Amino acid sequence: MSKPKVAVIWNASCGGCDESLVDIEDKIIDLADKVDFVLWPCAMDFKYNDVAAMKDGEIDITLVNGGIQNSGQEKIVKLLREKSKIIVAYGSCAWLGGVPSLINLKNKKDSFAVNYLDCPSVINPGKKVPMAKSMADGYELELPEIFDTLYTLDDVIDVDYYLPGCPPMPAMIINALGELLGGKLPPKGTILSPDISLCLSCSRNGTKPDRMVMGEIQRIHEIIADPDQCFLNQDVLCMGPATRDGCGYPCITGNMPCTGCMGPMKNQDQGAKMISALGGIIDGYDEEAVDRILDGIPDPAGTFYRYSTAASYLGRRREKNR
Amino acid sequence: MTEFKPKIIAFLCSWCSYAGADKAGGQKLRYPANILVVRVMCTGRVDPRFVLKAFREGADGVMVLGCHTGDCHYRNGNMKAMKRMRLLSRMLPQFGIVKERLMFNRVSGGESELFQKLATEMTENITLMGPLKIEGFVKTEGAL
């Protein structure tokens with residue numbers, strides 16, 4: 001029997017997800033024995049033409065990192081969808097848009113202006129910005145067209161499973177790959193982590209007082225954080241209440257608050273959930289007092305939707321217009 | 001061009017604001033028919049998600065009306081709602097929705113005139129602002 005074929009592809013992501021596959025340490029050798037990699041642009045040299053020449057459904061599992069931000073990425077994931085039995089949205093970018101999807105708060109024109117024109121460290125006398133078609137020495141050059149909005153993977157193609165995390169933790173990867181390669185397939189659309197809030201498994205959950213009150217909101221570098229106390233009780237914003245469990249809270253163990261990379265629970269909007277949670281614990285009886293506390297959150301959308309803007313209620317196109 | 005009729009969703013607390021709106025009806029006070037009332041048991045039940053969903057599904061404005069401070073039937077639901085809406089209205093401009101499109105205020109069961117006044121004001125404001133567009137890329141109303 002031939003070995004199962006696996007493809008790995010990256011789109012609008014940082015490359016940390018590719019790296020996380022290597023982070024499973026010696027298990028990567030077992031994995032390389034068990035499967036044949038047919039595409040992994042970050043690590044090995046394969047050509048897209050070889051993939052295009054395959055039969056439909058020939059690839060067993062495709063791990064897709066990153067959201068879809070240009071037409072080239074769209075083309076490749078559509079091709080991989082045809083050729084693959086299982087598509088896994090690997091990491092929070094593919095599932096929710098991730099950090100790059102914060103661009104959905106602005107648009108292409110604004111982002112080009114910041115990155116190529118107005119940035120103090122950029123010297124660009126010709127005022128050149130990336131274009132889909134351009135002329136150089138009499139030849140017409142073509143580049144993928146950058147979209148105005150970053151899309152999540154399931155906006156573009158049909159996705160079978162989702163593996164959250166930024167990047168997914170080694171234990172989760174081993175578990176998920178074992179399940180998928182072992183033929184024990186969960187129902188389609190499963191998010192491969194527990195559907196409960198991070199707080200429920202957090203080691204600091206027991207230190208919460210009966211009635212939690214946040215008198216101000218501080219950032220983690222402004223205090224010396226107690227390594228055993230709940231962060232919210234120390235007036236530091238922790239996304240735990242609105243974030244999915246399954247990562248094993250390495251950030252909390254390192255005395256840093258959760259930033260929400262595991263994404264929301266099922267059918268939830270991460271930002272709305274966090275606002276809801278904070279509304280219950282912020283102190284103050286009148287608008288002025290509450291405003292003073294809220295001044296501690298200078299960028300609410302960037303804080304609450306750091307990893308999920310493209311999947312939020314407002315940060316993406318409405319379904320009917322897609 | 002047809003006249004723009006805004007769609008405004010109002011989440012009213014069953015114990016005070018809804019009673020206030022009811023009384024306004026009973027007294028035959030006129031207020032715009034653009035207000036679509038959703039009765040909730042307490043404004044503390046209004047998840048920010050409901051507001052976001054209302055905007056996404058085509059509402060041009062959202063009102064959340066609760067009890068006066070200290071009058072909550074469930075002790076502090078209205079305070080929680082105030083804090084949530086306060087924080088939410090700081091976030092909405094980042095998504096291109098000017099914060100005046102979300103109103104939080106307090107109306108008791110007897111203040112039918114106040115309800116009439118708020119409903120009229122909100123409708124006039126939203127009519128001036130025009131329809132909410134969050135299609136395509138989200139930043140359409142440059143508030144930031």
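**A guided look at chains A and B**

Guide: Let us start with one residue pair: in chain A, A:Ser134 stands opposite A:Leu141 of strand β7(A). Please bear in mind that this is a predicted model.

Visitor: Over how many bridges do strand β6 and strand β7 of chain A pair?
Guide: Strand β6 covers residues 133–136 of chain A, and strand β7 covers residues 139–142. The two strands form a hairpin with 2 residues between them, and A:Asp137 in the turn has a positive phi of about 50°. The pairing is antiparallel, and the number of bridges is 4.

Visitor: Which strands stand at the edges of the open sheet of chain A?
Guide: This sheet of 5 strands has parallel pairing and the order β2-β1-β3-β5-β9. Each edge strand has a single partner, so one side of each is left without a neighbour in the sheet. The edge strands of chain A are β2 (36–39) and β9 (161–163).

Visitor: By what angle are neighbouring strands of this sheet turned against each other on average?
Guide: The value is an average over neighbouring strands, with direction ignored. The angle is 30°.

Visitor: Which residue is the bridge partner of A:Ala89 in β9(A)?
Guide: Strand β5 of chain A, residues 84–90, runs parallel to β9(A), and 3 bridges join the two. In β9(A), the partner of A:Ala89 is A:Tyr162.

Visitor: What angle does the direction of helix α4 of chain A make with that of β5(A)?
Guide: Helix α4, residues 71–83 of chain A, packs on the sheet. The strands that α4 touches are β1 (5–10), β3 (59–65) and β5 of chain A. With the direction of β5(A), that of the helix makes an angle of about 135°.

Visitor: Which element gives the largest share of the side of domain 1 of chain A that touches domain 3?
Guide: Chain A is divided into domain 1 (5–99 + 152–181), domain 2 (106–147) and domain 3 (198–311). In the contact, 14 residues of domain 1 meet 13 residues of domain 3. On the domain 1 side, α5 (92–96) and α8 (170–181) of chain A each supply at least two residues. The largest share, 3 residues, comes from α5(A).

Visitor: How many charged residues does that side of domain 1 of chain A have?
Guide: By class, the side that touches domain 3 of chain A has 8 nonpolar and 6 polar residues. The number of charged residues is none.

Visitor: Which element of chain A gives the largest share of the side that touches chain B?
Guide: The contact between the chains takes 28 residues from chain A and 25 residues from chain B. On the chain A side, the elements giving two or more residues are β8 (146–151), α11 (270–281), α12 (287–294) and α13 (300–304). By class, that side divides into 12 nonpolar, 9 polar and 7 charged residues. The largest share, 7 residues, comes from α11(A).

Visitor: In what order do the elements of chain B run from the N terminus on?
Guide: Chain B has 4 helices and 4 strands. From the N terminus on, the order is β-α-β-α-β-α-β-α.

Visitor: What is the radius of gyration of chain B?
Guide: For 144 residues the globule rule gives 15 Å, and the value for chain B is close to that, so the chain is as compact as a globular protein of that length. The radius of gyration of chain B is 15 Å.

Methods. Residues numbered from 1 in each chain as written. Chains lettered and ligands numbered in written order. Predicted model: local features only at pLDDT ≥ 70, side-chain atom pairs only at ≥ 80, totals over all residues. Rg over C-alpha atoms; globule rule 2.2 N^0.38 Å. Contact = placed C-beta atoms within 7 Å. Nonpolar A, V, L, I, M, F, W, Y, C, P; charged D, E, K, R; others polar. Pairing = 2+ DSSP bridges. Axes fitted to C-alpha atoms, helices over the stretch in contact; angles between N-to-C directions. Domains from an automatic or database assignment.
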